[in-house]
Amino acid sequence: MAKSQLEVLNALDVAKVQWYHFTTIVIAGMGFFTDAYDLFSISLVTKLLGRLYYTEPNPVRPGSLPINVSAAVNGVALCGTLAGQLFFGWLGDKLGRKKVYGLTLVLMVFSSLASGLSFGHTAKGVMTTLCFFRFWLGFGIGGDYPLSATIMSEYANKKTRGAFISAVFAMQGVGILVSGVVSLIVSAAFENKFKPPSFEEDPAGSLTPESDYIWRVILMFGAFPAGLTYYYRMQMPETARYTALVAQNAKQAAADMSKVLQVTIDSEEDKIADIGKDSKKQFGLFTKEFARVYGMRLIGTTTTWFLLDIAFYSQNLFQKDIFTSIGWIPNASKMSAIREVYKVARAQTLIALCGTVPGYWFTVALIDVIGRWIIQLMGFLMMTIFMFAIAFPYDYWSQREHRIGFIIMYGLTFFFANFGPNATTFVVPAEVFPARLRSTCHGISAAAGKAGAIVGAFGFVYASQEKDPAKRDHGYPAGIGKKNSLIVLGVINFIGMLFTFLVPEAKGLSLEEAANEAPIEDEEETNVRGNSSVV
């Protein structure tokens, strides 16, 4: 133990894996389950919303959401998430992690339920109400990013901290998978009950009035698993690092962790007083000292997350070509509204099961073995390779006889996103900044990621449109095409790999060592370890 290290922090750093570690993963992870469920489930029901609210009288084709409405319904939650990450990240450092943690969950549960109860006499009224509640849903989701990561990092031991934070984030994959499974079950139940014909057979009969319940049930379901963890969130003590290092209450930190770890811990109030007097450890975010010590780190964590999310959220651009080429999703006119929900959910569930979910758990298994930095660098590199491999012979992969190779290549881009930067960009900002600014800096990094998500999800929807009107989505202007868009995304991944060199390695270090706030007598040793792990 370092000579000046607080006993309560050292006890956490060297603690063996215990039951409280797993309960913290579940409590924090269930929020991420809801995050992913709610953010991704909307994509499963947008086609149904188009049919329900934008089908014209005597239609010649199934209704679809107008471009602006589709952008609003899909994007408003991302905007809310960005705002929530900044606000709750800052609030988590000002008021404490625990005080804010319950508020984000209540906001998520309430807004998730309210989204399913969106009302209005017109299509515009329903969509406006839905967008209103989805913004606040995103706002609550945004708060869960910095708070869950910070809480888990401050509870974990230094040997398995990366795996624990990654496990919280991996619940996102479970949420994506469950959103697909719930959509399958609900749509199959409604189809079995009402047996609607396809649009070609009977345009009016293909859209049963009861279909309006499907999207509502799917959106509301995500609230229940998270709601079950509210009581346990409220029972969690504040993290010792916040209580001791930020709130300067050594006695409370020692008492809280004595109960959690079931050991006797000295409060060491004299050491806390010394830490409080150290001006080198009290500077704020908008200072020259922060820019000197942590500026390059913050640039690294924000740029890599921004670039990653551009690529990650734009990968659905070529889902349509994949699903069409392998026959997973027939033409809309050949299906009823309910059948279309089932087909879309089945396709996305298979992609999640085969490509998305395994990547998360590979990261959990290996992040404390090979390190965050190598996983992130490797992930960006492999995403670059596979996107280029898809892009240059894109016409070849789009042909039906090459559909198996197309699926494999597409699945591997998702796999290496999750066994790569999609996980590590979440983990690292919770480790490499000081306790007093940890939640804020994680929130800033995450908000940069969501800005990238907005660019990827919407900017590239327009950019990927073909110049040939026959190959273009209805209502969209000409863009640079899918092939050129994928080449651009490959370049973005490569740039992300370069910016990874600004991100320090935190494997095996205590949070104080990783944040360059180790005791003075150990600073030289810490700097050597931190630098050598990147090289």
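This is a short walk through the structure, one selection at a time. Keep in mind that what you have open is a predicted model.

**Stop 1: the main core**

Start with the largest nonpolar core, which has 137 residues. Select Leu 49 and Trp 215, the residues with the most contacts inside that core. Then colour helix H2, residues 19-54: H2 gives the most to this core, with 16 residues.

Which residues does Leu 49 touch once you skip its neighbours within four places in sequence? Show Tyr 54, Leu 65, Val 73, Met 127, Leu 130 and Trp 215, and you have them.

There is also a second, separate core, made up of 15 residues. To find it, select Tyr 294, Phe 433, Leu 437 and Val 503, which are among its members.

**Stop 2: H2 against H7**

On the H2 side, pick Tyr 37, Asp 38, Ser 41, Ile 42, Val 45, Leu 48, Leu 49, Leu 52 and Tyr 53. On the H7 side, pick Asp 212, Ile 214, Trp 215, Arg 216, Ile 218, Leu 219 and Phe 221. Leu 49 and Trp 215 from the first stop both turn up in this contact.

**Stop 3: Thr 24, still on H2**

Stay on H2 and select Thr 24, which has its place in this helix. Is Thr 24 buried or exposed? Thr 24 has a relative accessible area of 4%, so it counts as buried. Beyond its neighbours within four places in sequence, Thr 24 is in contact with Gly 29, Ile 151, Met 152, Tyr 155 and Met 236.

**Stop 4: rings**

Time for the aromatics: the structure holds 37 aromatic pairs. Phe 87 is partly exposed at 37% relative accessibility, and Trp 90 is partly exposed at 40%.

Next, hop over to Phe 190 and Phe 194, another tilted pair: 6.0 Å centre to centre and 35° between the planes. These two are four residues apart in helix H6, residues 161-194, so about one helical turn lies between them. Phe 190 is buried, with a relative accessible area of 18%, while Phe 194 is partly exposed at 31%.

For a group of rings, select Phe 32, Tyr 145, Phe 169, Trp 305, Tyr 360 and Phe 426, which form one aromatic cluster.

**Stop 5: arginines over rings**

Show Arg 233 together with Tyr 101: the arginine lies over the face of the tyrosine, 3.7 Å from the ring centre. Then do likewise for Arg 436 and Phe 283, where the arginine lies over the ring face at 4.7 Å from the centre.

**Stop 6: Arg 161**

Return to helix H6 and select Arg 161. Arg 161 counts as buried, at 1% relative accessibility. What does Arg 161 touch, leaving aside neighbours within four places in sequence? Its contacts are Ser 153, Ala 156, Asp 368, Arg 372, Glu 431, Ala 506, Leu 509, Ser 510 and Leu 511.

While you are here, draw a C-alpha to C-alpha distance from Arg 161 to Asp 395: it comes to 44 Å, for residues 234 apart in sequence.

**Stop 7: Ser 70**

In helix H3, select Ser 70. Ser 70 is buried, with a relative accessible area of 19%. The C-alpha atom of Trp 361, 291 residues away along the chain, is 32 Å from that of Ser 70.

**Last stop: two loops**

Finish with Asn 58, in the loop between H2 and H3. Asn 58 has a positive phi of about 50° although it is not a glycine, and it is exposed at 76% relative accessibility.

Then jump to Gln 248, in the loop between helix H10 (240-246) and helix H11 (250-261). Gln 248 is not a glycine either, yet its phi is positive, about 60°. With 30% relative accessibility, Gln 248 counts as partly exposed.

How values were computed: Residues are numbered from 1 along each chain as its sequence is written. This is a predicted model: local features need pLDDT of at least 70, side-chain atom pairs count only at pLDDT 80 or more; totals for chains, interfaces and linings use all residues. Side-chain values use heavy atoms; hydrogens and water are left out. A nonpolar core is a set of buried Ala, Val, Leu, Ile, Met, Phe, Trp, Tyr and Cys residues joined through side-chain atoms within 4.5 Å. Buried means under 20% relative accessible area, exposed over 50%, partly exposed in between (1.4 Å probe, protein chains only). Contact means heavy atoms within 4.5 Å. Rings of Phe, Tyr and Trp (its six-membered ring) pair if their centres lie within 6.5 Å; planes under 30 degrees apart count as stacked, over 60 as edge-to-face and the rest as tilted. A charge sits over a ring if NZ of Lys or CZ of Arg is within 6 Å of the ring centre and within 35 degrees of the ring normal.
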